[in-house]
Amino acid sequence: MRQLCKGNVAVVKGAILAGCRGYYGYPITPASEIAEAAALYFPQVGGTFIQAESEVAAINMVYGAAAAGVRAMSGSSGPGLSLMQEGMSYLAGAELPCVIVDVMRGGPGLGNIAPEQSDYFAMVKGGGHGNYRNIVLAPASVQEMADFTMLAFDLADKYRNPAVVLTDGFVGQMMEPLDLEDREIQPPEKPWAVKGTPETRANFISSIYLETDELEEHQRRMEAKYMRAQEAEPRCEICHAADAEVLLVGYGIVSRVLLSTVEALRKEGVKAGLFRPITLWPYPSKALVEAAAKVQKVLVVELSNGQMLEDVRLALNGKVPVEFYGRVGGNVPSVQELQEQVLTRMAVAV
């Protein structure tokens with residue numbers, strides 16, 4: 001069924017099709033429509049919607065629902081996600097799957113309600129305390145807001161870990177056609193569910209590990225799981241890179257502007273290509289190295305001061321010059337603006 005839908009609403013529809021039946025959250029611009037849509041749709045499928053008194057309460061409600069074996073989720077923006085970090089660390093430590101949607105806005109602090117990509121470090125590098133990782137997906141369209149939410153639940157269950165759908169205010173607020181198909185929901189196995197038995201009680205980290213060797217063994221098991229994910233789950237989209245002289249790298253709304261920039265540059269005779277990471281963790285480093293193998297220059301574009309930039313430079317390890325262009329405060333670069341950046345930098349390189 002095709003419908004005109006807002007990105008934030010598409011998240012909820014995708015979650016319901018994925019079998020999610022518990023939403024616990026607190027409204028915040030530019031993510032408030034997620035909670036509004038969840039309040040409307042979850043009760044219609046026998047699910048639960050609770051508007052918590054705070055983001056701290058919301059993430060702990062997700063923790064409790066996940067511990068009971070329910071597919072559960074929450075959604076917020078930067079300031080709210082800051083408050084959820086401890087709960088996300090607990091969820092990862094207890095190996096409880098869930099999905100959290102972060103519709104990024106300007107910061108730091110309260111910032112403003114315009115789109116940014118400044119939560120990359122917080123979500124991709126962990127954010128909370130302890131040795132854990134979030135699985136992070138970066139949609140760039142309304143369709144992907146639904147599709148990647150469904151994928152996020154599958155990956156969260158597979159690795160018994162929080163999965164984050166990381167987008168920006170533009171994608172969350174835009175309206176586009178959305179195609180949804182009924183799908184048979186396969187109830188996931190629930191080895192993580194806490195039932196009070198000796199076998200499952202160990203899944204539930206409710207207090208402090210007093211035994212150092214036990215905590216180390218637990219973290220080594222988590223480490224092995226993350227290594228498996230790094231091998232199996234990187235995803236990306238590559239366009240016009242086979243003969244590219246310059247490779248443009250960006251995600252979210254920026255990747256859409258970059259694709260138009262690539263097409264405009266090619267009309268002017270500049271061989272440009274696009275690399276769009278779909279998983280921000282695990283980052284598709286191997287694919288990036290292959291895509292950039294023959295280019296003269298890589299230009300990373302973000303709505304930040306440069307956060308994903310570090311992962312691009314780490315992946316390429318000095319093999320290709322990597323430059324950066326960023327806008328902040330809610331400003332999104334235009335195609336013409338990026339064309340000028342590329343043409344200037346390529347002229348300097350020549």
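This is a predicted model: local features need pLDDT of at least 70, side-chain atom pairs count only at pLDDT 80 or more; totals for chains, interfaces and linings use all residues.
Residues count from 1 along each chain as its sequence is written. Local features need pLDDT of at least 70, side-chain atom pairs count only at pLDDT 80 or more, totals for chains, interfaces and linings use all residues, and side-chain values use heavy atoms, with hydrogens and water left out.

**Exercise 1.** Work out the order of the strands in the open sheet, and find its edges.

*Solution.* Start with the terms: strands (E, at least two residues) and helices (H or I, at least four) are DSSP runs, numbered from the N terminus. Two strands pair if DSSP finds at least two bridges between them. Now read off the order, S3-S2-S4-S5-S7-S6-S12, with mixed pairing. S3 (48-51) and S12 (279-281) each have a single partner strand, so one side of each has no neighbour in the sheet.

**Exercise 2.** Zoom in on S6 and S7: how do they run, and how many bridges join them?

*Solution.* S6 (residues 135-137) and S7 (residues 162-168) run parallel, and 3 bridges join them. Next, pick out a facing pair: Leu137 stands opposite Val165 in S7.

**Exercise 3.** Find which residues of helix H2 are buried, and what covers them.

*Solution.* Buried means under 20% relative accessible area, exposed over 50%, and partly exposed in between (1.4 Å probe, protein chains only). In H2 (residues 32-41), that picks out Ser32, Glu33, Ile34, Ala35, Ala37 and Ala38. Then look around them: the cover includes S1 (2-6), H1 (7-17), S2 (22-25), S3, S5 (98-104) and H7 (169-173). Contact here means heavy atoms within 4.5 Å.
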